[in-house]
Amino acid sequence: MDKTPLFLQPALHEKIWGGTKLRDVFGYDIPSETTGECWGISAHPNGPAVIKNGPLAGRTLAEAWKDHRELFDQYKGDAFPLLTKILDARTDLSVQVHPDDAYAQQHEHVPFGKTECWYVIDCDEGSEIVYGHTAPTKEAFRQAVEEKKWDTLLRRVKVKPGDFFYVPSGTIHAICGGCLILETQQSSDTTYRVYDYDRPGKDGKPRELHIRQSIDCANCPHVDPQLTYHVRQKAQAKFTELLREKLFTVSHWDIRGQSGPIKKNWPFLLISVLDGNGELIIDETKYTLTKGDHLVVPSTVEAISFAGKLDLIVSNPV
Ligand code: ZN
């Protein structure tokens, strides 16, 4: 069975709030000076990533999922479950909320809702995000939205590089200007905007809001999830499990020198290279890793090793 890791060509998306860091920091070929999102590991129809190497070169990750499920541990489901993005927020993203699976299936006829999480790669001094709200009940939330009491309703949190935020479906949130973030999420593109700062969209008109759906989906009251990081130091590598939830796990792997073998305890593995240079070693074969690479290690691979200096975000479905 083929063990070639699937290196992916990302899909890049212009956004009114985007900038140029996806080019300036990661070297991606961005379509404009307002490029907001790099969909690095994506089989979503709105931005499919294309395999760059090996026997499946030129095919999309979605096609590999459909035709070669043996590479994904025969994982069930019509759609590849996860999506990894890098976001460059030059200005604030809309204040938004995402549905859970049941609401998304019933109202949008798509397979997944959207639980997401963010690793802050870098940010300007003093950067903030919107995370949660202050309304104690759904009724109080509805009233505050209708009366546009954004200053008192929305909860702002300061961020710094290396911070991690878990954003389960139903969490009111916004990434704000100055943040460069890696997002691991369910493979979904369903966003309900509750507030967009009354600013014009690309065509000069305000972007659509989804007030009813936002009120339906918002968790009231907001409760901060309790996160415990599990850190494992092994020789020259530090493995930090940032999140283990019912759908997926996300870790930060800090590789310094020779590391491994790391034995498979995942169905298949998603890797994004945030910084550094090095090699991924599978059996005797070495694959060069450079900043900005996104890849999937198929389930046919039993163990992986690394060499070099690498800063990785690694995730897998459970
Ligand atoms: Zn979101």
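1. His98 is buried, because its relative accessible area is 2%, and the cut-off for that class is under 20%. In this predicted model, the NE2 atom of His98 is one of the donors that coordinate the zinc ion.

2. The zinc ion deserves attention next. Gln96 counts as buried, because its relative accessibility is 10%.

3. Are Glu116 and Lys114 buried or exposed? Both Glu116 and Lys114 are buried.

4. A second salt bridge joins Arg207 and Asp196, with 3.0 Å between the closest N and O atoms. Both Arg207 and Asp196 lie in the loop between β13 (192-195) and α6 (211-217), so the pair ties together parts that are 11 residues apart in sequence. Asp196 has a relative accessibility of 4% and therefore counts as buried.

5. Arg256 counts as partly exposed, because its relative accessibility is 34%. Elsewhere, salt bridges that share partners join Arg59, Glu63, Lys66 and Asp67 into one network. How many salt bridges does a search of the whole structure find? The search finds 21.

6. The overall fold may now be considered. The protein chain comes to six helices and 21 strands. Its radius of gyration is 20 Å, close to the 20 Å that the globule rule gives for 318 residues, so the protein chain is as compact as a globular protein of that length. Taken along the principal axes, the C-alpha atoms fill a box of roughly 65 × 40 × 40 Å.

7. The last point concerns the interior and the surface. Of the 318 residues of the protein chain, 55% count as buried. Among contacts with a separation of 6 or more, 73% are accounted for by residues 24 or more positions apart. The protein chain exposes about 14,200 Å², and carbon and sulfur atoms supply 48% of that area.

Conventions
Residues numbered from 1 in each chain as written. Predicted model: local features only at pLDDT ≥ 70, side-chain atom pairs only at ≥ 80, totals over all residues. Heavy atoms only, no water. Salt bridge = Lys/Arg side-chain N within 4 Å of Asp/Glu carboxyl O. Buried < 20%, exposed > 50% of the residue type's maximum accessible area, 1.4 Å probe, protein only. Helix = DSSP H or I, 4+ residues; strand = E, 2+ residues; numbered from the N terminus. Donors = N, O, S within 2.8 Å, 3.2 Å for Na, K, Ca; no water. Rg over C-alpha atoms; globule rule 2.2 N^0.38 Å. Contact = heavy atoms within 4.5 Å. Areas by Shrake-Rupley, 256 points an atom, 1.4 Å probe, with all protein chains shown as cover.
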